[in-house]
Amino acid sequence: MKRDIPLLIRGAVFAAAFSLLLTGCSSSHPGDSPSSPAPAATPPRVEATPTPTSTPAPTPVATSGVVAMTLEEKLGQMIIAGIDDYSMNEHARELIKTYHVGGIILYKPNVKDTTQLVGLVNELKQTNAVNKLPLWLGVDEEGGRVTRLPDEITKTPTSKDIGKTGRPVLAYNIGQLLGKELNAYGINMDFAPDLDVNSNPNNPVIGDRSFGSTASIVSSFGVQMMNGLQNQQVVPVVKHFPGHGDTSVDSHVGLPIVQNDLARLRKLELVPFAEAFKHQADAVMVAHILLPKVDAQNPASMSKKIMTDLLRKEMGFEGLIMTDDMTMGAIIKNYDLGEAAVKSVLAGANIVMVGHDYEKVVTVIDALQKAVQSGRIPMETINQSVRQVTKVKQKYQLHDRPIKVPDTKKLNAEVQSVLGTKANK
């Protein structure tokens with residue numbers, strides 16, 4: 001088969017850049033050496049899953065041809081940005097070429113149908129070919145009412161309905177299925193599964209997005225779905241740390257305040273996350289919720305006590321930490337967006353998500369750049385985050401090669417096969 005020489009060269013550059021980051025930056029970071037044990041609550045046992053047929057494997061790291069990243073390129077890798085329209089426009093092109101954003105999140109307004117989505121994904125990939133690292137292309141594909149795939153694709157059940165079956169293997173199989181579907185459309189990151197325990201019946205945002213109202217159910221089903229996605233080399237991002245299930249305000253609209261202390265969190269909300277971390281979770285999304293009994297000043301997505309002290313040090317999480325969308329009402333109605341992003345990075349976030357509005361993405365990048373140049377954000381903090389990003393991108397063998405239009409009939413047949421299998425009932 002004829003090999004794509006430019007892609008081969010770019011692959012070597014990718015590995016070389018990773019090598020430089022590993023050798024050229026200090027390895028000290030709060031998350032590298034957990035200083036205290038995981039939560040006191042013993043995580044529930046998880047029903048055995050089928051042995052994955054394949055797992056993401058690291059690409060060998062090159063030791064020569066090292067190419068350094070500029071500050072602008074590093075900051076870009078710490079951003080996942082939203083874009084407008086069904087096709088590439090000038091703002092999207094500028095975010096990738098000028099600001100080097102490391103990832104794009106696609107919402108339903110970016111998806112018209114299968115042909116259009118494939119065209120957009122390929123345009124994004126092609127535009128990113130000038131950058132040193134491949135592009136995250138992510139969606140919220142939880143199943144049920146939270147879906148971003150084209151309408152031609154048969155939808156999977158809600159997490160609540162999956163949890164009610166009492167068969168965690170179904171969550172694994174659906175995770176695999178979602179991974180296959182996302183792969184078919186060139187999507188390599190899924191902001192799922194939802195590990196929130198639905199403990200508050202008045203919760204306006206979680207509800208049937210949760211696998212259930214107990215830590216045991218959420219742990220067993222959530223880990224299975226996460227592993228199913230990983231099996232298909234789609235990066236699962238577990239959410240919404242440290243738990244969005246006991247809120248009475250939708251963080252898309254306002255800032256939820258949760259009066260739970262650490263003792264309560266360790267017994268309930270943190271248990272599914274602890275279990276996911278034991279099973280090699282690669283990324284976690286942190287919620288915009290204020291927990292006054294843990295940090296009275298900052299929401300979780302801006303809190304060093306929650307992201308560094310709790311998530312990194314106590315729970316020992318070593319993967320990617322990203323914020324929920326910083327353009328949600330919880331943030332923009334209460335904080336200056338640029339300052340909020342700076343505080344998030346200082347608190348421990350590796351990736352800042354800015355899901356809407358080109359100008360807001362630029363505002364965040366500019367604020368981060370000024371904070372680095374002034375010395376407020378240490379350069380080592382930026383380097384550590386880029387190392388984290390590069391490590392996961394390499395582990396999942398991300399690439400910017402174009403994709404073909406998938407066979408939707410075949411994908412739908414697989415949905416019916418999974419949902420109709422006796423083993424799942």
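**View 1. Gln397 sits in the loop between helix H14 (379-395) and H15.** In this predicted model, Gln397 has a relative accessibility of 36%, so Gln397 counts as partly exposed. Buried would need a value under 20%, and exposed a value over 50%. The backbone here deserves a look too. Phi of Gln397 is near 55 degrees, a positive value in a residue other than glycine.

**View 2. Asp357 lies in the loop between E8 and H13.** Its phi is near 80 degrees. That is a positive value, and Asp357 is not glycine. Is Asp357 buried or partly exposed? With a relative accessible area of 31%, Asp357 is partly exposed.

**View 3. Helix H6 (residues 168-184) packs on helix H15 (residues 408-420).** The angle between the two helices is about 175 degrees, and their axes are 10 Å apart. H6 is therefore roughly antiparallel to H15, because angles over 145 degrees count as roughly antiparallel. From H6, the contact uses Leu170, Asn173, Ile174, Leu177, Lys180, Glu181 and Ala184. From H15 come Leu411, Glu414, Val415, Val418 and Leu419. Sort the residues of this contact by class: eight are nonpolar, one is polar and three are charged.

**View 4. Helix H12 (residues 337-347) crosses helix H13 (residues 358-373).** The axes come within 8 Å and cross at roughly 55 degrees. H12 and H13 are therefore oblique to each other. The crossing is right-handed. On the H12 side, find Leu337, Gly338, Ala341, Val342 and Val345. They meet Lys360, Thr363, Val364, Ala367, Leu368 and Ala371 in H13. The contact of H12 with H13 holds eight nonpolar, two polar and one charged residues.

**View 5. Eight strands form an open sheet with parallel pairing.** Read the order across the sheet as E7-E6-E5-E4-E3-E2-E1-E8. Strand E7 (320-323) and strand E8 (352-354) stand at the edges. Each has a single partner strand, so one side of each is left without a neighbour in the sheet. What holds such strands together? Strands of a sheet pair through backbone hydrogen bonds, either parallel or antiparallel.

**View 6. Strand E3 (residues 136-139) is covered on both faces.** Trp136 and Gly138 are buried on one side. Leu137 and Val139 are buried on the other. Now look at the neighbour, strand E2 (residues 103-105). E2 and E3 run parallel, and three bridges join them. Gly103 has Trp136 of E3 as its bridge partner. Ile105 is partnered by Gly138 of E3.

**View 7. Helix H9 (residues 270-278) is mostly covered.** How many of its nine residues are buried? Eight are. They are Leu270, Val271, Pro272, Phe273, Ala274, Glu275, Ala276 and Phe277. These buried residues pack against helix H7 (215-231), strand E5 (235-241), helix H8 (262-267), strand E6 (283-286) and helix H10 (304-314). Just after H9, Gln280 takes a positive phi of about 65 degrees.

**View 8. Met225 is a buried residue of helix H7.** Its relative accessible area is 0%. Which residues does Met225 touch, leaving out those up to four places away in sequence? They are Ile162, Ala171, Tyr172, Ile174, Gly175, Pro193 and Phe211. Met225 and Leu178 are 47 residues apart in sequence. In space they are 9.2 Å apart, C-alpha to C-alpha.

**View 9. Ile289 lies in the loop between E6 and H10.** A loop residue can be buried, as Ile289 shows at 0% relative accessibility. Ile289 and Ala330 are 41 residues apart in sequence but 7.7 Å apart in space, C-alpha to C-alpha.

**View 10. The whole protein has 15 helices and eight strands.** Of its 425 residues, 60% count as buried. Take the contacts between residues at least 6 apart in sequence: 82% of them join residues at least 24 apart.

Conventions: Residues numbered from 1 in each chain as written. Predicted model: local features only at pLDDT ≥ 70, side-chain atom pairs only at ≥ 80, totals over all residues. Heavy atoms only, no water. Axes fitted to C-alpha atoms, helices over the stretch in contact; angles between N-to-C directions. Helix = DSSP H or I, 4+ residues; strand = E, 2+ residues; numbered from the N terminus. Parallel < 35°, antiparallel > 145°, perpendicular 65-115°, else oblique. Contact = heavy atoms within 4.5 Å. Nonpolar A, V, L, I, M, F, W, Y, C, P; charged D, E, K, R; others polar. Left-handed = near helix turned anticlockwise from the far one by under 90°. Buried < 20%, exposed > 50% of the residue type's maximum accessible area, 1.4 Å probe, protein only. Pairing = 2+ DSSP bridges.
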